[in-house]
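The following note sets out some points on the structure shown below, for a reader who is new to such descriptions. Each point may be followed on the displayed model.

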Amino acid sequence: MRNVMLCLGFALMLSSCADTAATAATDPADGMQALKAADAALQKAVVDKNLEGIVTFYTEDAVLLPTANPIVVGRPAIREEWQHILSIPNFQNKSSLTQIDVATGKDMAYSTGTYLATMLGEDGKPVTEPGKWLSVWKKQADGSWRIVVDTYNTDIPPPDHK
């Protein structure tokens, strides 16, 4: 069941590669457009199982808060987490962005959305897992947006912890 729990919101996430992390202008509407583009690129990377592309959307010191698992800190550890998720048999993920809000200072933002992950469970049977995510983005010195905090959780009951 760890496999199921690990892939859950990672659909979030949220795509092609680090070089595509969106750049925002000074207008908040431009910031939202840049974040929508970054989110779409991240989602594409997840669908394409492009590990390096996914990882580039996180800052070096980003924090990932996965469901029913310890905190994951830093890009190398986040890379390992995503590598595990992408290796789950028959893993597929479909995400839908539901909201973006850019802070007044235009250097921080958050995005929320839902996902539907499918995979083979530990028993070898197909599993469908609906869930949601929240990502906190920070505008970088080069104008790109990167995730600094990312969390997700499932809409179905987690496995028993005996």
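1. A nonpolar core is a set of buried Ala, Val, Leu, Ile, Met, Phe, Trp, Tyr and Cys residues joined through side-chain atoms within 4.5 Å. In this model, which is predicted, the largest nonpolar core has 33 residues. The residues with the most contacts inside this core are Ile54, Trp82, Phe91 and Trp137.

2. Which elements each supply at least two residues of this core? They are helix H2 (28-47), helix H3 (51-55), E1, H4, E3, E4, E5 and E6. The largest share, 7 residues, comes from H2. As a general matter, nonpolar side chains tend to be buried together in soluble globular proteins.

3. Isoleucine 54 illustrates the contacts of a core residue. Leaving aside residues up to four places away in sequence, isoleucine 54 touches Leu42, Ala45, Val46, Trp82 and Leu86. One of these partners, Trp82, is itself listed among the residues with the most contacts inside the core.

4. An open sheet is formed by 6 strands in the order E2-E1-E6-E5-E4-E3, and the pairing is mixed. Strand E2 (72-73) and strand E3 (92-102) are the edge strands, each pairing on one side only. Helix H4 (residues 75-86) packs on the sheet and touches strand E1 (58-65), E2 and strand E6 (145-154). The direction of H4 makes about 55° with that of E1.

5. Strand E1 has two pairings that deserve attention. E1 and E6 run parallel and are joined by 4 bridges; here tyrosine 58 stands opposite isoleucine 147 in E6. E1 and E2, by contrast, run antiparallel and are joined by 2 bridges, with leucine 64 opposite valine 72 in E2. The hairpin of E1 and E2 has 6 residues between the strands, and alanine 68 in this hairpin takes a positive phi near 55°.

6. At the E3 side of the sheet, E3 and E4 run antiparallel and are joined by 10 bridges. Serine 95 has tyrosine 115 in E4 as its bridge partner. Between these two strands the hairpin has 5 residues, and lysine 106 takes a positive phi near 65°.

7. How many bridges join strand E4 (residues 108-120) and strand E5 (residues 126-139)? These strands pair in the antiparallel sense over 13 bridges. Leucine 116 stands opposite proline 130 in E5, and methionine 108 has lysine 138 in E5 as its bridge partner. The hairpin of E4 and E5 has 5 residues between the strands, and glycine 124 in this hairpin takes a positive phi near 85°.

8. Threonine 112 counts as buried because its relative accessibility is 18%. Apart from residues up to four places away in sequence, threonine 112 touches Ser96, Leu97, Thr98, Gln99, Trp133 and Leu134.

9. Proline 76, which lies in helix H4, provides a contrasting case. Exposed residues are those over 50% relative accessible area; proline 76 is therefore exposed, with a value of 54%. Proline 76 and alanine 62 are 14 residues apart in sequence, while their C-alpha atoms are 9.8 Å apart in space.

Note on methods:
Residues are numbered from 1 along each chain as its sequence is written. This is a predicted model: local features need pLDDT of at least 70, side-chain atom pairs count only at pLDDT 80 or more; totals for chains, interfaces and linings use all residues. Side-chain values use heavy atoms; hydrogens and water are left out. Two strands pair if DSSP finds at least two bridges between them. Contact means heavy atoms within 4.5 Å. Axes are lines fitted to C-alpha atoms, for helices over the stretch in contact, and angles run from 0 to 180 degrees between N-to-C directions. Buried means under 20% relative accessible area, exposed over 50%, partly exposed in between (1.4 Å probe, protein chains only).
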